[in-house]
Amino acid sequence: MSTVTTRGAAAGYRPGRTLSVWQEWRRQASRRRTQLALGFMVLLPLIVLIAFQFDSGDDDNGGGEFASLIDLATTGGLNFTLFTLFVSAGFLLTVVVALFCGDTVASEASWGSLRYLLAVPVPRARLLAVKLVVALAYSAIALLLLAGTALLVGTLRYGWSPLRSTVAAEIPAGEGLLRLLGILGYLAVGLLVVAGLAFLLSVLTDAPLGAVGGAVLLFILSSILDQITALGSLRSFLPTHYSNAWLGLLSTPAQSDDIVKGCISAVAYATLFWSLAFWRFTRKDVVS
């Protein structure tokens with residue numbers, strides 16, 4: 001016969017041991033979408049590298065703010081990595097982060113396993129916290145895999161040379177690597193907005209595709225609104241307004257004003273979305 005404590009819990013029950021980060025890590029690692037997403041992060045730089053090998057050099061890359069990144073992508077591993085991040089930051093990384101953070105809770109609900117996890121019982125706040133930590137960890141690994149693979153294959157193919165840009169002086173390779181790490185860090189912080197929004201939608205719906213797609217669509221909508229100059233200063237409150245602030249790290253000297261503002265904005269939005277997710281889930285009637 002089981003023993004019950006004065007609080008109504010079974011003797012020996014410890015909420016902190018009901019679901020560990022390692023258990024959730026293994027569960028997510030066994031999922032096909034995790035394997036495919038991380039695999040594509042490794043594959044993309046190879047696809048870009050192969051595409052450059054078939055480039056005859058006759059096509060006009062066009063002008064624009066990022067023309068130098070396209071023109072100089074084959075001048076060294078650092079520039080190749082920078083170009084890979086540029087072509088990925090606008091959409092691909094958004095989708096990957098939304099996939100990891102938007103699918104994590106909604107998929108459990110769609111499978112009908114969420115109520116069984118809570119019946120273990122796993123405290124609701126702990127369940128969300130563990131899932132959020134693991135989702136953010138896989139998102140960070142995806143970003144590192146993309147940049148690390150691009151740096152490796154780019155350096156092997158094009159050599160180790162300074163970071164070049166037509167908008168600033170040539171940056172020595174050592175300092176260029178540090179600036180590249182700074183760009184990675186800023187992209188990671190900026191993607192917290194996507195992570196927060198996708199996680200909130202994952203709590204609000206039982207449809208994983210709805211959570212992932214909704215986060216991506218809302219992020220794209222914010223990017224579109226940011227292009228409307230008629231909105232004036234209101235655009236600075238959009239979560240995507242400072243998404244390209246990392247370009248300041250390519251200037252000489254580095255410009256960090258917009259980077260600081262972008263980090264503050266991203267952390268504020270992510271904190272708001274995560275707070276709403278925890279508030280809603282701890283009060284939600286879970287029936288699936």
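Among contacts in the protein chain between residues at least 6 apart in sequence, 79% join residues at least 24 apart. I begin with that figure for the chain before us, which is a predicted model.

Let me turn to the secondary structure. The protein chain has 11 helices and zero strands, so read along the sequence its pattern is α-α-α-α-α-α-α-α-α-α-α. Of its 288 residues, 44% count as buried. The accessible surface of the chain comes to about 14,600 Å², and carbon and sulfur atoms account for 65% of that area.

Which residues make the nonpolar surface patch of about 620 Å²? They are L218, L221, L225, I228, L231, L234 and F237. Consider L218, which is placed in helix α10, residues 208–226.

I now come to the annotation. An unreviewed UniProt entry lists residues 36–54, 82–106, 127–160, 180–204, 216–238 and 258–279 under "transmembrane region". Two of these spans may be set side by side. Residues 36–54 are 95% helix and 0% strand, and their end C-alpha atoms lie 26 Å apart.

To close, I return to the patch: L218, L221, L225, I228, L231, L234 and F237 form it, and the UniProt entry lists residues 216–238 as one of its transmembrane regions.

Conventions. Residues are numbered from 1 along each chain as its sequence is written. This is a predicted model: local features need pLDDT of at least 70, side-chain atom pairs count only at pLDDT 80 or more; totals for chains, interfaces and linings use all residues. Side-chain values use heavy atoms; hydrogens and water are left out. Helices (H or I, at least four residues) and strands (E, at least two) are DSSP runs, numbered from the N terminus. Buried means under 20% relative accessible area, exposed over 50%, partly exposed in between (1.4 Å probe, protein chains only). Contact means heavy atoms within 4.5 Å. Accessible areas come from the Shrake-Rupley method with a 1.4 Å probe; for residues, only the protein chains shown count as cover. Patches are made of residues with over 30% relative accessible area and no salt bridge: like charges are joined within 9 Å, nonpolar side chains (Val, Leu, Ile, Met, Phe, Trp, Tyr) within 5 Å. A salt bridge is a side-chain nitrogen of Lys or Arg within 4 Å of a carboxyl oxygen of Asp or Glu. UniProt positions are given in the numbering used here, feature names are shortened, and annotations may be inferred rather than shown by experiment.
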